[in-house]
Each structure stands twice: as C-alpha cells, then as structure tokens.
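Good morning, and thank you for the time on today's agenda.

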Amino acid sequence: MEGVWLVSCILTLSCVVTVDSVKQYGLAVEKSILFYNAQRSGKLPANNPIPWRGDSALNDCVVGGWYDAGDHIKFGLPASFATTALLWSLVRFKDGYQRAGQLDQMYNMIKWPLDYFLSAWHPSRNELTVQVADGTDHNFWGRAEDMTMARPCQVINTSIRGSDVAAGTAAALAAGSIVFKEKGDTVYSNQLLSAAQSLYIYAKTYRGIFTGAAEFYNPSSDKDELCEAGMWLYKATNTAQYLTDARTFAERYAAWAYSWEDKQLACHQLLYEATRENQYRNLVVTYFNSWLPGGSVRYTPCGLAWRHLWGANGYAASSALVALVAAESGIDSTRYRKWAAEQVNYILGDNHHSGGCYSYMVGYGSKYPQQPHHAGASCPDRPASCGWAQYSSPSPNPQVLHGALVGGPDIDDDYVDLRSDYVQNEVSISYNSGLHGALAGLLHLQASSMLPATSNLCPCNQ
C-alpha cells in the first residue's frame with residue numbers, strides 16, 4: 001500500500017479515514033539511478049547493474065556519456081542540462097540521498113557524464129564535441145551493443161559556434177567541482193573547475209547558437225546557459241566577476257519552463273540566493289504564480305501541472321525541483337513544498353489511469369508503463385535477434401527499464417501505453433533529471449521532519 005492510512009475515530013465509534021499519500025521516494029531515487037546507468041554508452045564497469053546492457057559505441061570520437069533517450073544519439077545540450085539539474089539536487093539535498101542510502105551510487109552515476117564532458121573539451125584548440133551520431137540513428141531499432149552504422153561527430157570551435165552548449169557544459173562541470181570538493185576528491189574537483197573556467201571563457205568569446213541538432217533540439221538563446229554557468233562558477237570560486245557576468249545575462253522576465261532549452265528559472269533562483277535582491281526573487285515568484293493553481297499553466301483533472309503534451313511529466317517534475325530549492329531559500333516555502341510533493345505524488349501514482357495508483361516511472365509500484373519507447377529495453381536477451389519487429393510488438397518490453405519517466409498523459413489525464421507513441425512514451429535523461437532531484441528534495445524534507453501534508457485530487461488508496 002503506497003499511502004499511509006490514518007484513522008481517527010470519534011466517541012460514537014464512527015471513523016473518518018483519509019489517506020496521506022506519501023510515496024517511497026527513496027525507492028524511486030534508487031530506480032532513477034538505474035535508469036541513468038541503463039543510458040550509459042562506452043565501456044561499462046565490472047559492477048554494471050543493468051544485466052541486459054554491455055559495452056557499446058567504443059569507436060565514438062568521444063567514448064562514454066549517456067544516450068539521450070530511447071535512441072543512441074549523444075546530445076550535448078540536454079546532457080548538460082540533466083547533469084546540472086542532478087548536481088544541483090546533490091548540492092542542495094545531499095541528506096536526501098543519504099536518507100535513501102543512495103549517496104555513493106549517486107556519486108558514481110553522476111561522474112559518468114562529467115568524465116565524458118572532460119574528454120569532449122579540448123581547451124588548447126577551443127574545441128568541444130557536442131553531438132555523436134545523427135538522425136540516421138533513427139533508422140535503426142535494436143541494441144546499442146549491436147550498432148554498426150556510422151556515428152558522425154559534431155564539434156564547435158572558433159568557426160562553428162555553440163556558446164549555448166558550451167556554457168551549459170561549463171555549468172555542469174562547475175557544479176560537479178562543488179560536489180566532488182565536498183566529497184573530498186580535490187584532484188577531480190580541480191580538474192572539473194579548470195575545464196569549466198576555460199570552457200566558460202570560450203563560450204563568452206565565441207557567441208552563437210549551435211544549429212547542428214535543430215532537428216531535435218533547437219534553442220533560441222545562449223543567455224540562460226551563460227547566466228547559469230556564471231552562477232555555478234561564482235558558487236565554486238566566489239569570484240565576483242562571475243556574478244557580475246550572470247547579472248548581465250539574466251533576462252528581466254519570468255521563464256516559460258525549466259528545461260533543456262530554458263535555464264532562466266535556475267539563473268534567477270541562483271542569483272536570488274547569492275544577492276537576496278527582490279528583482280530576482282520576484283521573477284521566481286512570478287514563475288511559480290503562473291505554474292501553481294490559478295496561474296496560466298493548465299491542470300489535468302487529477303492535478304498534473306500540464307505545460308506541454310511532449311514531456312508533460314518532465315516539465316512538471318523540473319518545476320517541482322526548483323520549487324523545493326526556492327522553498328529552501330525562504331520563498332513561499334509551505335506552498336511550494338506542498339505543490340512539489342503533489343506533482344511528484346501524481347507521477348508516482350496519485351492519478352486515475354488504469355484504475356488509479358498508476359506510476360509513470362517504470363518499475364515503481366505494481367502498475368507502470370510496459371512499453372516505454374526505448375530500443376534497447378524492447379530487445380529480448382541475447383542471442384535472440386532484435387529489430388523493427390520488436391518496435392511493433394504488442395507485448396511488454398522484455399527488459400524493465402527501471403526508473404525511466406515516460407512523457408506522460410494528455411491534458412485530460414489520458415495516456416496510452418504504446419511503444420510506437422513516442423510522445424507519451426518517450427523517455428529521456430532530461431525528463432528524469434527534475435523528478436530525480438525533486439525526490440531528493442522530498443527525502444530531505446522527510447529527514448528534517450518537514451514533509452508537507454498533501455491533498456492530491458486522485459490519491460492512491462490501495
């Protein structure tokens with residue numbers, strides 16, 4: 001039973017039964033870490049916990065990193081966003097990971113993309129690898145271990161611009177330097193910080209949006225990434241120039257969402273924490289006034305803040321993460337914490353799909369997606385073959401993609417568990433990052449005895 005039954009009986013012997021819909025947040029964090037481990041590319045370690053995954057893409061121009069989604073492309077922009085969001089939660093909610101017994105696993109998991117970013121950046125020639133493989137990858141359906149097609153490499157340099165990806169990557173490296181300094185690994189921390197600083201200089205010097213991934217990821221600005229990078233470098237070094245830079249890159253309007261494409265909300269929140277100036281606090285408040293009930297963001301009947309059909313769960317979860325961070329800084333703490341918990345609870349089962357108690361995280365609970373859009377998970381164990389027949393198969397995926405967050409329902413709470421529906425059933429490192437961080441935030445509240453009571457509209461009562 002997911003909920004904790006609270007029974008209060010009055011003297012007439014009649015009882016009122018309510019449900020405090022607290023989920024197993026620690027279990028969900030553990031499973032999300034497994035999802036990121038399932039996304040690993042390159043030479044896997046001996047302690048690989050995903051039995052159906054093996055070494056893959058060993059001839060890539062830069063080996064390692066995470067596959068983006070259910071495909072086998074490695075994109076720099078969403079990877080840097082996901083890594084930074086995950087690290088933000090580790091900086092803010094370390095005790096949450098400790099409560100879940102997942103701190104060491106988290107350190108191990110997050111080092112994988114950081115190592116990849118270090119390998120991708122060549123400061124001596126101002127060159128960063130920002131993408132490996134391209135759209136032809138989508139002509140292949142099968143295991144990463146079985147790929148034979150060409151995997152072209154895309155770089156940015158002094159001629160081919162990509163300050164958005166470069167700055168986003170610098171933010172991840174700077175945040176990583178803080179995490180590993182606190183862990184006590186000063187050598188690795190200094191390596192991350194040095195790379196972040198040189199990459200940030202490159203991004204500021206050679207401005208221009210990377211357009212090579214426009215078919216998939218098409219950003220509109222680099223100012224949000226430059227602001228975010230400046231703030232993480234300021235937090236890592238306390239050098240005033242980084243804060244000054246971040247101020248110049250901060251927009252004077254509230255963001256639309258917190259996502260791979262738009263980090264302005266993170267920029268405003270980090271600036272508020274550093275300066276305590278109302279101009280930044282007001283931008284954070286304006287954002288959440290639009291997201292919380294009564295604002296411009298629509299809600300499903302069961303209460304998911306529904307920003308967009310593509311990645312509805314991911315958008316809500318990412319905002320929940322920042323709401324918990326903002327609450328820690330004293331911004332409308334009670335309301336933001338309750339709202340964030342309700343969004344996470346919706347995703348983990350407080351909804352009416354399939355009779356209720358349906359988890360949009362694969363492998364969590366008793367009811368969850370059986371056909372997430374993920375090529376590798378759709379393949380049977382070797383030596384059985386795998387191809388487009390598996391894509392079209394009506395059967396559940398042979399491999400359980402533990403921890404993966406699917407895109408989610410439409411505005412009416414309707415959801416179809418169908419592999420070929422890549423809108424509702426796509427999984428990605430971006431979608432998971434906000435939920436993963438929000439889970440750590442809720443575990444932090446549990447550890448501090450501050451977890452709010454919730455009032456989800458469709459509570460799980462099984």
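This is a predicted model: local features need pLDDT of at least 70, side-chain atom pairs count only at pLDDT 80 or more; totals for chains, interfaces and linings use all residues.

Let me begin with helix H10, which covers residues 278-291. How far apart are its end C-alpha atoms? They are 20 Å apart, and this agrees with expectation, because 14 residues at 1.5 Å a residue should span 20 Å.

Which residues of H10 are buried? They are Tyr280, Leu283, Val284, Val285, Tyr287, Phe288, Ser290 and Trp291. As a general point, an α-helix has 3.6 residues a turn, so residues three or four places apart point the same way. The buried residues of H10 pack against several other elements, including helix H8 (240-249), helix H9 (264-275), helix H11 (312-328) and helix H12 (333-348). Two strands also belong to this set of partners, namely E7 (298-299) and E8 (305-306).

The largest nonpolar core holds 147 residues, and Phe288 and Trp291, together with Tyr258, touch the most other members. In soluble globular proteins, nonpolar side chains tend to be buried together. Leaving aside residues up to four places away in sequence, Phe288 is in contact with Leu265, Ser319, Val322, Ala323, Tyr336 and Trp339.

I turn now to the pockets. The largest pocket contains about 750 Å³ of space. Its lining comprises 31 residues, and those nearest the centre are Asp68, Tyr217, Trp310, Glu426 and Tyr431. Which helices each supply at least two residues to this lining? They are H11, helix H13 (388-392) and helix H14 (429-447). H11 provides the largest share, with 3 residues. By class, the lining consists of 15 nonpolar, 11 polar and 5 charged residues.

The second largest pocket has a volume of about 240 Å³. Here 13 residues form the lining, with Pro293, Tyr299, Lys338, Trp339 and Glu342 nearest the centre. Trp339 has already been mentioned as a contact of Phe288. Helix H12 makes the largest contribution to this second lining, at 5 residues. The classes here are 6 nonpolar, 4 polar and 3 charged.

Finally, the cavities. How many cavities of 30 Å³ or more does a search of the whole structure find? The search finds 3. The largest cavity has about 90 Å³ of space. It is lined by 15 residues, and Phe75, Gly76, Ala79, Tyr116 and Phe117 lie nearest its centre. Two or more lining residues come from each of strand E3 (74-75), helix H2 (76-92), helix H4 (103-120), strand E5 (127-132) and helix H5 (163-183). Helix H4 gives the largest share, 4 residues. This lining has 10 nonpolar, 4 polar and 1 charged residues.

The second largest cavity has a volume of about 70 Å³. Its lining is made up of Phe75, Gly76, Leu77, Pro78, Val130, Asp164, Val165, Phe210, Ala213, Tyr217 and Pro219. The elements giving two or more residues to it are H2 and H5, and H2 gives the most, with 3 residues. The lining divides into 9 nonpolar, 1 polar and 1 charged.

Thank you for your attention.

Note on methods. Residues are numbered from 1 along each chain as its sequence is written. Side-chain values use heavy atoms; hydrogens and water are left out. The expected span of a helix is 1.5 Å times one less than its number of residues. Buried means under 20% relative accessible area, exposed over 50%, partly exposed in between (1.4 Å probe, protein chains only). Contact means heavy atoms within 4.5 Å. A nonpolar core is a set of buried Ala, Val, Leu, Ile, Met, Phe, Trp, Tyr and Cys residues joined through side-chain atoms within 4.5 Å. On a 1 Å grid over the protein atoms alone, a cavity is a set of points where a 1.4 Å probe fits but cannot get out, and a pocket is an open set with protein on both sides within 12 Å along at least five of seven lines; lining residues have an atom within 4 Å of a point. Grid points are joined across faces, edges and corners, and a volume is the space filled by probe spheres set on the points. Ala, Val, Leu, Ile, Met, Phe, Trp, Tyr, Cys and Pro count as nonpolar, Asp, Glu, Lys and Arg as charged, and the others, Gly among them, as polar.
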